[in-house]
Amino acid sequence: MKLPGAVLVLAVLLALAFLALAAFAATGRLFSLDYTVQALVQGGRHRVLEAPMGALTLLGSGYVLAVLAVPGWLLLRRAGHPLARALPALVAGGFLVNLLTKWLVDRPRPRLTQYGFPSGHALGAAIFFGALIYVLWTAPVSRGWRWAGTLASCLLIAAVAYSRLYLKVHWASDVAGGLTGGAAWLLFVLVALDRRRRPASP
């Protein structure tokens, strides 16, 4: 499936949003919306939700995603899917984007620990489950499974992002940075992969 040209435009817009958020976070300041969102989320905490939120946040952990990526890469390679060739660069690049940005920005988290921006869990979830959506739409999968998988992936990305706010380990702008940065990196990799697959013009 050939990617539409709008994907590159979207990738650039997401990257610009990520850079703008990073530049603001580097000043050490917070948006007023950060405090508003944090208050709303903390106001909805309940002991019944503690365990589910802890489990959901693990889905964005680099360790868990790395474990899931290995069998995923093997399956893609066995099926001859083109993403198999780009998966190592996708994972390594996402790790570097997260690590370097955290080091450069170094904004405190809500609990005043270091390296709040961006949320690495949100970034990892955006890349991993976003890539899964791409696979669903480029592999021979039935329409029902394709839409069900897409919806589930979007909900998991949102759930991981929400869990980081719920557990009070990130501000809303940290999570927004993770989502925009992860989505931008994923789309840039997919655009590069798509262009490599195109036949050369005569």
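Modeller: A helix axis here is a line fitted to C-alpha atoms over the stretch in contact, and angles run from 0 to 180 degrees between N-to-C directions. The model is predicted. In it, the axes of helix 4 (residues 62-79) and helix 6 (residues 120-138) come within 12 Å and cross at roughly 20°.

Biologist: What makes helix 4 roughly parallel to helix 6?

Modeller: The crossing angle is roughly 20°, and angles under 35 degrees count as roughly parallel. Helix 4 is therefore roughly parallel to helix 6.

Biologist: Is that crossing left-handed or right-handed, and which residues make the contact?

Modeller: Helix 4 and helix 6 cross in a left-handed sense. Helix 4 brings Leu65, Leu68, Ala69 and Leu76, and helix 6 brings Gly124, Ala125, Phe128 and Val135. By class, 7 of the contact residues are nonpolar, 1 is polar and none is charged.

Biologist: How do you know which residue of that contact is the polar one?

Modeller: Gly counts as polar under the class rule, and Gly124 of helix 6 is in the contact.

Biologist: The axes of helix 5 (83-105) and helix 6 come within 10 Å and cross at roughly 160°. Why is this pair called roughly antiparallel?

Modeller: Angles over 145 degrees count as roughly antiparallel. With roughly 160° between the axes, helix 5 is therefore roughly antiparallel to helix 6. The crossing of helix 5 and helix 6 is right-handed. From helix 5, the residues in contact are Leu83, Leu90, Gly94, Val97, Asn98 and Lys102; they meet Gly120, Leu123, Ile127, Ala131, Tyr134 and Val135 of helix 6. This contact splits into 8 nonpolar, 3 polar and 1 charged residues.

Biologist: What makes the remaining pairing, helix 4 with helix 5, roughly antiparallel?

Modeller: The two helices pack at an angle of about 155°, with their axes 8 Å apart. That angle is over 145 degrees, so helix 4 and helix 5 are roughly antiparallel to each other. Ala69, Trp73, Leu76 and Arg77 of helix 4 touch Leu83, Ala84, Leu87 and Pro88 of helix 5. The class count is 7 nonpolar, no polar and 1 charged.

Biologist: Which helices line the largest pocket?

Modeller: Helix 4, helix 5 and helix 6 each supply at least two lining residues, and helix 4 gives the most, with 10 residues. The largest pocket has a volume of about 820 Å³. Its lining has 33 residues, with Leu65, Ala66, Ala69, Gly124 and Phe128 nearest the centre. By class the lining holds 20 nonpolar, 10 polar and 3 charged residues.

Biologist: What is the volume of the second largest pocket, and which residues lie closest to its centre?

Modeller: The volume is about 370 Å³. Of 16 lining residues, Gly130, Ile133, Leu186, Leu187 and Leu190 are closest to the centre. Helix 1 (6-26), helix 6 and helix 8 (172-197) each give two or more residues to this lining. The lining has 15 nonpolar, 1 polar and no charged residues.

Biologist: What sets Tyr115 and the bond between Phe117 and Pro118 apart?

Modeller: Most residues other than glycine have a negative phi, and most peptide bonds are trans. Tyr115 has a positive phi, near 55°. The peptide bond joining Phe117 and Pro118 is cis, with omega about -5°. Tyr115 lies in the loop between helix 5 and helix 6, and Pro118 has its place in the loop between helix 5 and helix 6.

How values were computed. Residues are numbered from 1 along each chain as its sequence is written. This is a predicted model: local features need pLDDT of at least 70, side-chain atom pairs count only at pLDDT 80 or more; totals for chains, interfaces and linings use all residues. Side-chain values use heavy atoms; hydrogens and water are left out. Helices (H or I, at least four residues) and strands (E, at least two) are DSSP runs, numbered from the N terminus. Angles under 35 degrees count as roughly parallel, over 145 as roughly antiparallel, 65 to 115 as roughly perpendicular and the rest as oblique. A crossing is left-handed if the near helix is turned anticlockwise from the far one by less than a right angle, and right-handed if clockwise. Contact means heavy atoms within 4.5 Å. On a 1 Å grid over the protein atoms alone, a cavity is a set of points where a 1.4 Å probe fits but cannot get out, and a pocket is an open set with protein on both sides within 12 Å along at least five of seven lines; lining residues have an atom within 4 Å of a point. Grid points are joined across faces, edges and corners, and a volume is the space filled by probe spheres set on the points.
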